[in-house]
Amino acid sequence: MDEQQSSSDLVEGLAARLAEAVETRTAISSLAGEREFTVDAAYDIQDAALARAVAGGETIVAAKLGLTSRAKQEQMGVSEALYGWLTDRHRLDPGQALDSGRLIQPRAEPEIALITSRDLEGPVGLHDVLAATEAVAPALDILDSRFAGYSFTLADVVADNCSAGAFVVGNPVPLGSIDLSLVGCVFEKNGELVGTAAGAAVLGHPAAAVAWFVRKLSERGKGLPAGSLILPGALTGAVPVGPGDSVVASFDRIGSVGLSVA
Amino acid sequence: MTTAQQRAEALYAARMTRVPIEPLTDADPGMTADDAYAVQTRFASMLLADGDSISGYKLGLTSKAMQQMMGISDPDFGPVLHSMVHDGDLDASAFIQPKVEAEIALVLDRPLKGPGVTTLAAARAVGGAVAAIEVVDSRIADWRIKLADTISDLASIGGVVMSSRIVPLDFDLRLVGMTFSLNGSVVATGAGAAALGNPLTALAWLANTLARHDVTLEEGMFVMTGSLHAAVDVGAGDAVRADFDRLGPVALRMA
């Protein structure tokens, strides 16, 4: 077997195992713990798993970033964020309850979602992203790692589509002159305060995180088309949620979005 | 048996000499919050006798994380004296083991006295909110404080720096965002709700608690409503800045 064939088998094999974990809602242990693979190979695995989902009828509707806070990067011993893709399978409309039976070990975190109105590609910076951003919206990202106890390496979590589980986006508002780095966020679970933050918690500015994402995509020959919805990373730590729980993320100038878990 | 006066004198001496003392609760593990406020009152009286005056108050232990660490469900408070209010330049040698934290200060347009002060009543007495940084410092060695230690020690006040911009409250203080930078790097972010759920609730709690000591918050006083993030160590040469949405920036430098 030549090296290329072996690498392609690895990618397809691991993508199949992750897809099975999603379908059967069964946590697995670290893939990188069995056989080391690079972060670049992890994105190949992510692409392969996503291609399976799309072949199965899912549509990509948003992008999401992870490890966008310095604290989380230090915790993982990495200096870079990561990205994944959200499909219509992950999407909840505001007011729609999350069926926890669909997920393995859900955790919620508050985000400021960006909606673009222009194509973005190549070596873009924060201001390019702001110029291309039409609106922002309050959002909740629901993580659901396929790795037991969220115990994973960077390559694992990239392969696992950035722990994508579900998401809900509230009412969009025009970006206008809002300084996203200063926008305050209050995150509550079952009426109790669980965290506060400002937008700068996301790589200094949520648009800076999106700029990183676009540059990263261009390394793989891709871009971000106009009309994209991006969840650029959490403002606070993630909290576990289960049946009966509700979470609310409230943002100054942007509004709030909530989710209840059934 | 050590008296409240003797404990206050030990803290006063530590503040003057900048030589910290062992925790009061080491010698008396049974020391209560009430015992500690009796020490605080005497410690403050000694400073007032030196010619100082009370400019405002500070709340401490206003975050759930700090309250859990201390095993309590209420914040604590202490007076802020005129000599503790600074413009942006501070001398590190004036402190023992300083840390800094960004807070929302509220300035009173009218007197406020409990009991029965609601969050709305507190809002009506407030002229505006001000971006602020508190320097906390402890006269207790290595910050080995229990609740009674920090209360006795004027709620670990070091000093305060406030913006000169007093912003009327036509927005939700809970949601006001803040980024905190040390030497140009963002090291923490937060929002107003970190202070007891709402800085105005913190003010109402203070007014109601002070009423038990027959103390009124006077017109023109300010109240530091509690940190919006975990405190950050500082020393000589450090530049600290807090940028608040709606309230603007406030900065200090330690020489």
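Helices (H or I, at least four residues) are DSSP runs, numbered from the N terminus. The model shown is predicted.

**View 1. Arg25(A) sits in a loop between two helices of chain A.** Phi of Arg25(A) is near 55 degrees, a positive value in a residue other than glycine. Arg25(A) counts as partly exposed because 13 other C-beta atoms lie within 10 Å, and the partly exposed class falls between 12 or fewer (exposed) and 20 or more (buried).

**View 2. Ala155(B) is a non-glycine residue with positive phi.** Its phi is near 55 degrees. The loop holding Ala155(B) runs between helix H6 (147-152) and strand S7 (157-162) of chain B. Ala155(B) is buried, with 23 other C-beta atoms within 10 Å.

**View 3. Gly114(B) and Pro115(B) are joined by a cis peptide bond.** Omega is about 0 degrees. Pro115(B) belongs to the loop between strand S5 (99-108) and helix H5 (119-125) of chain B.

**View 4. Four strands of chain A form an open sheet.** The order is S9-S8-S12-S13, with antiparallel pairing. S9 and strand S13 (255-260) are the edge strands, each pairing on one side only. Neighbouring strands are turned by 15 degrees against each other on average, direction ignored. S8(A) and S12(A) pair over five bridges. Glu188(A) has Val248(A) in S12(A) as its bridge partner.

**View 5. Chain A touches chain B.** The contact takes 17 residues from chain A and 19 residues from chain B. On the chain A side, strands S8 (184-189), S9 (192-198) and S12 (246-251) each supply at least two residues. S9(A) gives the largest share, four residues. By class, this side has ten nonpolar, six polar and one charged residues.

Note on methods. Residues numbered from 1 in each chain as written. Chains lettered and ligands numbered in written order. Predicted model: local features only at pLDDT ≥ 70, side-chain atom pairs only at ≥ 80, totals over all residues. Contact = placed C-beta atoms within 7 Å. Nonpolar A, V, L, I, M, F, W, Y, C, P; charged D, E, K, R; others polar. Pairing = 2+ DSSP bridges. Axes fitted to C-alpha atoms, helices over the stretch in contact; angles between N-to-C directions.
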